[in-house]
Protein chains: 2
Amino acid sequence: MTTHDGVLPAGLFMDLDRSGPMPLYFQVSTRIEQAITSGELPAGARLENEVALGERLGLSRPTIRRAIQELVDKGLLVRRRGIGTQVVHGPVSRKVELTSLFDDLKAGDQHPTTRVLAHAVIEADEHVAEDLGIKVGDPVTHIRRLRLADEVPVALLENYLPVAIADLSHEDFEDFGLYQLLRGRGVTMRVAKQRIGARASHGDEAQLLEIEENGAVLTMSRTAYDASGAAVEVGYHCYRPDLYSFSITLVEK
Amino acid sequence: MTTHDGVLPAGLFMDLDRSGPMPLYFQVSTRIEQAITSGELPAGARLENEVALGERLGLSRPTIRRAIQELVDKGLLVRRRGIGTQVVHGPVSRKVELTSLFDDLKAGDQHPTTRVLAHAVIEADEHVAEDLGIKVGDPVTHIRRLRLADEVPVALLENYLPVAIADLSHEDFEDFGLYQLLRGRGVTMRVAKQRIGARASHGDEAQLLEIEENGAVLTMSRTAYDASGAAVEVGYHCYRPDLYSFSITLVEK
DNA sequence: AAGTGGTCTAGACCACCGT
DNA sequence: CGGTGGTCTAGACCACTTC
């Protein structure tokens, strides 16, 4: 035991809400995460061991373990058997989060706007039909949008949705992100499969994104599934590479 | 209950190894995963509920839950309260896994080779020093490699490592991936932070990758940390976009 | 009301690490 | 050796969904 062990922020031991809907492990992990990002728990700091932490908080060890595991999965903590749990060294303060579902990302930094370039119900071609798990020729809503941040074009978004979920107006898309709209209609994404690549720009992409003709674009194609596992949306997006990139944190399992 | 419920492959109920080092939850999740990828459990199939599954396997419910959770995190299963656990619809058979640490990925499909273009100990510049958490001017090993698959150039890999971990020869790099080499020396990666983007190719990149001058490349910069949270490696890679892309599965938390 | 997953408890034993 | 995390058990109560 060194003098630096077990130095935990006072806020961690505030009363826990045992009646509300927020799980105890989540309350604990949130408090520890805040302590890390705020710098109260600096890089390399050791946490108290799980049993002691549980006693001090009046929680069982599995609950404490789950709270810590959440942060290990986020790449904020590292556990070693026989050693203990430490805050990861390195740039924990940087906002490198899991690749977000995009819409929220820009909202924090800059003023996002959207121009709807196309919006119509069409028949699914072979590629879209396969991704959505429907038949070729089935009706799908097609949307093509230009996403800007502070008036500067950042991304060109092309999406296809089964018609059942798509009674949406132009105005909706001007004001809200696609996921926000779907969530408001009771559609919740649970799993998404993405493929990130690059290529030269085609057709009108360069002009719309205000880059050099045939200039490089970052591409992302995605299929999203709802809670029942049914495909809800496919998207083929391309981004201005000087203004956008994907940040990912990997954790060895 | 429909007649399709609880149809589980016979192999799932083989004897479990309770003495070996492999955790029970892992044995269970592996068997279920195999049943899914092999098609024994088709898309949309419902699993037995957790309690019943535990009884049939002679395991407690938390153990079963953990096994299922592993597959939920992988995007293979979906759980809904009050409903049950189902295999995700959609292209589960495709090999879209979490972005692997690269070296293993190509090995399966094609014959990978590596050409070492540069290999020397140099002084860390500002950028590398910050990423590795060392001082500017500290010695680091610099390696620049061209990765080919079936004689076709796929990626240009530039890496920097603290000298302590880098008594490696050219021959090593010709034959093995960087991570494999480090693992063999007792260095294990636990967390990695990646940033994926795109840009036009610079300098000799187009020539080495055998693409058009100034053609688009997919880029990935990564910092990897070991179990103690110390930075072990930084890499600045670029890939031929027609031959390589990143696949990611996201799961809503 | 019945069935499901979501959370939580209070223990237990083991494997690994440092001294 | 003592301390740590890794795994596992056998229950319990709750929230949600469907009937």
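A:Ala216 is the residue of chain A whose C-alpha comes closest to the rotation axis, at 2.3 Å. This is a predicted model, where local features need pLDDT of at least 70, side-chain atom pairs count only at pLDDT 80 or more, and totals for chains, interfaces and linings use all residues. Residues are numbered from 1 along each chain as its sequence is written, chains are lettered from A and ligands numbered from 1 in the order in which they are written, and side-chain values use heavy atoms, with hydrogens and water left out.

**View 1. How chains A and B are related.** Turn chain A by 180 degrees, shift it 0.0 Å along the axis, and it lies on chain B with an RMSD of 0.1 Å. The two copies are thus related as by a two-fold rotation axis.

View 2. Seven strands line up here as β9(A)-β6(B)-β7(B)-β8(B)-β5(B)-β4(B)-β3(B), with antiparallel pairing. At the edges sit β9 (246-251) of chain A and β3 (112-123) of chain B, each pairing on one side only. Neighbouring strands are turned by 15 degrees against each other on average, direction ignored. Strands pair if DSSP finds at least two bridges between them; strands (E, at least two residues) and helices (H or I, at least four) are DSSP runs numbered from the N terminus. For the angles, axes are lines fitted to C-alpha atoms, for helices over the stretch in contact, and values run from 0 to 180 degrees between N-to-C directions.

**View 3. Inside the sheet, β5 and β8 of chain B.** How many bridges join β5 (residues 152-162) to β8 (residues 231-239) in chain B? There are six, and the two strands run antiparallel. B:Asn159 has B:Gly235 in β8(B) as its bridge partner.

**View 4. The protein around DNA strand C.** Sugar or phosphate accounts for 69% of the DNA strand C atoms within 4 Å of the protein, and bases for the rest. Look for the side chain of B:Arg61, with an N or O atom 2.8 Å from a base nitrogen, and for A:Arg61, with a polar side-chain atom 3.3 Å from a base nitrogen. A polar side-chain atom of A:Tyr25 lies 3.0 Å from a phosphate oxygen. α3(A) gives the most to this surface, with four residues.

**View 5. The protein around DNA strand D.** Here 25 residues surround the DNA, the closest being A:Gly82, B:Arg18, B:Leu24, B:Ser60 and B:Thr63. The side chain of A:Arg61 places an N or O atom 2.8 Å from a base nitrogen. On the phosphate side, a side-chain N or O atom of B:Thr63 is 2.6 Å from an oxygen, while a backbone N or O atom of A:Glu50 lies 3.0 Å from a phosphate oxygen. α3(B) supplies the largest share of this surface, four residues.

Terms used: A residue is near a molecule or strand if one of its heavy atoms lies within 4 Å of it. A polar contact is a pair of N or O atoms within 3.5 Å; within protein, one must be able to donate a hydrogen and the other to accept it, and residues adjacent in sequence count only if both atoms are side-chain atoms. Copies are superposed by least squares on the C-alpha atoms of residues with pLDDT of at least 70 in both.
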